[in-house]
Structures are given as C-alpha cells and as structure tokens.
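This report describes a structure for a reader who is new to it. The sequence and the coordinates are shown first, and the description follows.

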There are 2 protein chains.
Amino acid sequence: MIKNKLKKIVFIGAGNVATHLSKALHNAGFYILQIVSRSENFAKILAGNFNTCYTTDISKIIPDADFYFLCVNDASIETVAQQIKLNNPLLIHTSGSVDINVLSQYSENVGVFYPLQTFSKTKEVNIKEIPICIEANTSQNFLALKELAESISTRIYEINSLQRRYLHLAAVFANNFSNLMFTVAEDLLLQHNVPFELIKPLILETASKATTISPSLAQTGPAVRNDQSTINKHLEMLKDNPQILEIYKLLTDKIILRNKK
Amino acid sequence: MIKNKLKKIVFIGAGNVATHLSKALHNAGFYILQIVSRSENFAKILAGNFNTCYTTDISKIIPDADFYFLCVNDASIETVAQQIKLNNPLLIHTSGSVDINVLSQYSENVGVFYPLQTFSKTKEVNIKEIPICIEANTSQNFLALKELAESISTRIYEINSLQRRYLHLAAVFANNFSNLMFTVAEDLLLQHNVPFELIKPLILETASKATTISPSLAQTGPAVRNDQSTINKHLEMLKDNPQILEIYKLLTDKIILRNKK
C-alpha cells in the first residue's frame with residue numbers, strides 16, 4: 001500500500017466514471033491529488049470523499065501527479081487534453097470508442113483505461129468484477145496502467161483501440177439494446193395491468209443463461225422454432241402498437257434468418 | 001406432505017416444462033402417477049425419476065388422477081385434450097399463449113398453470129423463485145391449482161387468458177429478443193478476437209439494473225443521449241454487416257423516439 005500511496009492521481013471530470021474509479025483507486029491506496037471539473041458542485045462533492053482539493057479552472061491543474069485521468073465525454077477528450085499544459089504527463093482517457101492516438105499530440109505518455117460496465121450513481125457495483133481494458137503507447141506506461149488496474153479489479157485485458165471500438169459497439173447491443181427490450185416488456189405488462197415484478201426472474205435468468213451457456217445456444221421462442229402460428233398471433237396483438245410491432249417484426253426475421261444458416 | 005401424497009398427477013408430455021414441473025411436484029410430495037408421451041425414450045427417462053409408469057398410447061391414460069397436465073406444444077393442446085376420454089378430469093395446460101377456453105369442450109374442470117421461466121434441460125433453475133400464473137374455470141379448481149402452485153413456488157399470480165397472452169409476448173422481448181442482442185454482441189467480439197468473457201459482467205449488471213431500478217430509467221448509451229457522432233461511427237463500423245446494421249438503426253431510432261416523448 002505504501003508504494004501506491006506515493007502515486008498521485010488527478011481526475012479531470014466528476015461524473016459516474018470519475019466517481020467510481022477515483023473511489024476505487026483511493027481505496028486501493030492511491031492518492032487522489034485533485035479533481036478538475038467544469039461543475040463546481042460535482043467537483044466539490046467528489047473531492048470531499050478524499051479531503052482533497054478541486055478546481056473548475058483547468059489552467060490550475062497540479063503539475064506533479066503520476067496519472068491524469070480524463071473522464072469526460074468522448075467529444076471533449078481532445079479539447080480537454082490540449083488545455084493541459086504540462087510536461088508530458090501520463091494522460092489517460094477512459095472511453096470505449098476513442099482511439100488512443102487522439103491523445104498523442106498532447107503528451108509523449110498516453111494510455112487508455114476503459115472499465116467495461118454500466119455505471120450509475122444510484123447503484124453500487126462490485127468493481128473487483130469489472131473488466132478493465134488497458135492500452136498504452138509504451139511498455140513502461142502499459143505496466144504502470146496494469147499495476148493501477150490490478151489494484152482495483154481481478155479482470156485486466158490488453159485491448160487495442162480497434163478492438164475496443166468493437167467492444168464498445170458490442171456493449172451497445174449487450175446493454176443499451178437489451179435494456180430497450182426490457183423496457184418494451186415493461187410497457188406491454190403495464191398496458192395490461194400485469195405487474196412488472198412478474199417478469200423480473202425471467203430477465204435475470206436470461207442474462208444468467210446467456211453467460212453460462214453461449215447466447216446463440218440459449219435462444220428459445222417462436223422465432224427460433226419458426227412457429228408462424230404464434231408469430232401471427234403476436235403480430236395481431238401488436239397491431240395498435242406500431243413502434244413495438246416494427247421491433248417485433250425485424251428481430252423475429254433476424255432470428256429466423258440466423259437459424260436458417 | 002401426506003395430504004399432497006394422496007394427490008395423483010398424470011403428465012402428458014415429457015419435454016422441458018413437464019420435466020421441471022413433475023420433479024418439483026414430486027419433491028413437494030405429490031404422486032406422479034404416469035407419464036404419457038409420444039417419445040418412448042423421453043417418457044421412460046422422466047418416469048424413471050419417480051419409479052412410475054409411462055405409455056406412448058394416450059388411450060391407456062390412467063383415469064383416476066387428480067390433475068392432468070398437458071405439457072405439449074401450443075398447437076397440440078387441443079388435439080391432445082380431445083383424445084383424453086375421461087369423465088371431466090381436471091385438465092390443465094401450461095402455455096402462455098393459449099386461452100383456457102380451448103380446454104372447455106373436453107372437460108367441465110379446466111385450468112392453466114403457466115410457469116414464467118426459460119427452461120432448459122442442461123441448466124438448473126430455482127423453481128421456488130419462478131412466478132406461476134394460474135387461472136381456472138371455477139373457484140374450486142382455482143384453489144386446487146393454487147395449492148399445487150404454492151407447494152413449489154413462493155410467487156403465485158392470478159392471471160387471466162388475455163393478460164397471459166401479453167405476458168407471453170412481453171417474455172418474447174425480455175428473453176428471446178434480449179438474448180438476440182447478446183448473440184450479436186458475441187458475434188461482434190468474436191469477429192475482432194475479443195473474448196466473449198469480457199462482456200459477461202455487463203450482461204449480468206444490465207439485467208440486475210433493469211430489475212432493481214426500472215428499465216426505462218436504466219437506459220444509457222449513444223441513442224438515449226442522441227449522440228450522433230458516436231452513432232455515425234457505429235453505423236460506419238457496421239457497413240459490411242448489413243444484418244446487424246439494420247438492427248442497430250431501428251433500435252437506435254426507437255430509443256431516440258421514446259426519449260423525445
């Protein structure tokens with residue numbers, strides 16, 4: 001722990017990712033030196049967890065940290081990087097879809113530290129189980145990031161920028177789009193006075209099954225059986241619900257098509 | 001237990017639902033009297049669990065059971081029901097999408113016992129947590145089914161045929177279609193040499209989050225933020241993958257549209 005305590009980290013950004021990462025790294029013994037955020041309120045709250053300082057003015061960034069984490073939205077990463085006027089700091093972004101090279105013209109030491117999880121301020125997650133994808137421009141920087149990652153998680157992966165883009169895209173399907181399916185299910189139940197509660201065990205088991213056996217082997221339902229009689233009943237039931245109908249039709253077609261191959 | 005042991009059950013069908021239900025009811029103390037199935041092999045294996053008899057000939061069905069469970073596919077429920085030549089047995093089907101009235105012309109005592117879960121022979125599920133939706137044509141039959149359901153699960157719901165059809169449709173979204181999203185994620189990862197392993201914690205957390213807070217509140221990602229720059233990058237990345245591209249486009253549009261409302 002003494003080794004980690006000597007290492008100092010500055011966080012630029014005070015949103016969900018910055019909050020979860022800074023807390024985990026603080027707990028692992030790293031010293032959170034400063035929080036920099038456009039939002040004074042967010043910066044103050046986050047810095048308060050560590051009794052550390054904060055600023056809304058990036059020109060007041062403290063120069064002698066070991067790591068500078070840019071936890072800002074994708075579109076702002078480059079803009080923020082170019083405002084950091086320091087001498088080749090280890091600049092790290094945490095985005096799934098931004099290439100490491102975006103940082104290269106602003107420092108000779110750059111890396112990516114991408115935790116693959118859906119963070120929200122209202123729900124705790126077990127950070128030890130979160131896969132962390134790392135990439136760096138030199139083997140020395142890579143080792144520094146690896147040490148950092150290993151201090152908070154047991155699942156570390158070396159993933160390059162191209163792979164990470166596809167991983168991020170896969171996460172849109174695995175998280176955003178599957179969540180839309182759960183939302184549609186919730187809508188259909190509420191429209192017919194059936195408590196959403198009822199379908200929760202199915203949602204949990206679906207995820208459990210897809211991660212235990214492969215999702216391609218876990219596929220069930222009328223589409224994979226090409227059960228046209230049930231499919232037609234469902235289409236009829238959705239005739240006053242054109243938005244949901246359109247989703248039903250397309251995804252049923254895609255499952256039937258996959259199954260034919 | 002002695003009370004349950006006096007009650008005798010015949011199962012028609014020996015697939016996933018019959019297997020899970022008969023085992024659970026046997027464990028709860030009911031007497032599995034007979035397994036009837038077109039597949040001699042399946043019937044023999046299932047009956048073997050209870051040291052009970054089996055037949056492939058429905059005309060040899062034993063007449064004095066308390067419950068007759070029709071665990072056959074939706075299209076066969078009525079055909080099988082009309083082959084059961086007994087004196088008003090308590091005929092029960094286990095389907096989400098078939099109306100209770102389908103059974104009415106074959107007996108004066110009919111019911112539905114629909115366990116809302118995805119069953120597979122290869123993966124154990126905790127039946128105590130599975131919601132069981134029941135419906136019957138008389139209050140006496142309803143109470144008999146309720147007692148049966150309560151002996152194996154803690155989650156019993158009275159659901160009528162119309163609600164059950166929509167529940168089944170909602171389950172197609174919550175299970176079949178969300179599983180397709182996980183399959184697409186798996187495809188994208190394998191195409192870029194990223195282990196599927198990496199995305200498993202995200203899948204599990206997605207389900208956990210949707211069932212803890214509401215899925216409509218859990219929605220994240222480029223579509224809900226209307227982040228056109230990331231969306232356009234994703235469309236470009238999928239340009240050689242027209243099947244997946246089509247899904248991405250439609251579901252992104254639907255999330256954007258929902259969010260505008």
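## Salt bridges

Over all chains, the structure, which is a predicted model, holds 22 salt bridges. One of them pairs the side chains of Lys254(B) and Glu246(A), at 2.6 Å from N to O. Lys254(B) belongs to helix α10 of chain B and Glu246(A) to helix α10 (residues 242–260) of chain A, so this pair joins two chains. Lys254(B) is buried, with a relative accessible area of 9%, whereas Glu246(A) is partly exposed at 40%. A salt bridge is also formed by the side chains of Lys254(A) and Glu246(B), with 2.6 Å from N to O.

Other salt bridges lie within chain B. The side chains of Lys8(B) and Asp64(B) meet at 3.9 Å, N to O. This pair links distant parts of the chain, 56 residues apart: Lys8(B) is in strand β1 (residues 8–12) of chain B, and Asp64(B) is in the loop between β3 (53–55) and β4 (67–70) of chain B. Lys8(B) is partly exposed, at 22% relative accessibility, and Asp64(B) is partly exposed, at 47%.

The side chains of Glu129(B) and Arg155(B) form a salt bridge of 2.8 Å, N to O. Glu129(B) sits in the loop between β6 (109–115) and β7 (132–136) of chain B, and Arg155(B) in the loop between α5 (139–150) and β8 (156–158) of chain B, so the pair ties together parts 26 residues apart in sequence. Relative accessible area is 35% for Glu129(B), which is partly exposed, and 23% for Arg155(B), which is also partly exposed.

## The contact between the chains

Chain B brings 87 residues to the contact, and chain A brings 87 residues. Together the two chains bury about 8700 Å², of which 69% is on carbon and sulfur atoms. Of the area that chain B buries against chain A, 8% comes from Phe173(B), Leu198(B) and Met237(B), more than from any other three residues.

Between chain B and chain A there are 4 salt bridges and 32 residue pairs in polar contact. On chain B, the helices α6 (161–191), α7 (200–212), α8 (215–218), α9 (228–237) and α10 (242–260) each supply at least two residues of the side that touches chain A. The most comes from α6(B), with 26 residues. By class, this side of chain B has 46 nonpolar, 26 polar and 15 charged residues.

## The nonpolar core

In soluble globular proteins, nonpolar side chains tend to be buried together. Here the largest nonpolar core has 123 residues, and those with the most contacts inside it are Ile12(A), Phe173(A), Ile199(A), Ile12(B), Phe173(B) and Ile199(B). Leaving out residues up to four places away in sequence, Phe173(B) touches Ser178(B) and several residues of chain A, including Met181(A), Val184(A), Leu188(A) and Tyr248(A).

Leu33(B) is part of strand β2 (residues 31–36) of chain B and is buried, with a relative accessible area of 10%. Apart from neighbours within four places in sequence, its contacts include Lys8(B) and Asp64(B), the two residues that meet in a salt bridge.

Ser22(B) lies in helix α2 (residues 16–27) of chain B. Its relative accessibility is 0%, so Ser22(B) counts as buried. Beyond four places in sequence, Ser22(B) is in contact with Phe11(B), Ile32(B), Leu46(B) and Phe50(B).

Definitions and conventions
Residues are numbered from 1 along each chain as its sequence is written. Chains are lettered from A and ligands numbered from 1 in the order in which they are written. This is a predicted model: local features need pLDDT of at least 70, side-chain atom pairs count only at pLDDT 80 or more; totals for chains, interfaces and linings use all residues. Side-chain values use heavy atoms; hydrogens and water are left out. Contact means heavy atoms within 4.5 Å. Buried area is the accessible area (1.4 Å probe) that two parts lose on being put together, summed over both. A polar contact is a pair of N or O atoms within 3.5 Å; within protein, one must be able to donate a hydrogen and the other to accept it, and residues adjacent in sequence count only if both atoms are side-chain atoms. Helices (H or I, at least four residues) and strands (E, at least two) are DSSP runs, numbered from the N terminus. Ala, Val, Leu, Ile, Met, Phe, Trp, Tyr, Cys and Pro count as nonpolar, Asp, Glu, Lys and Arg as charged, and the others, Gly among them, as polar. A nonpolar core is a set of buried Ala, Val, Leu, Ile, Met, Phe, Trp, Tyr and Cys residues joined through side-chain atoms within 4.5 Å. Buried means under 20% relative accessible area, exposed over 50%, partly exposed in between (1.4 Å probe, protein chains only).
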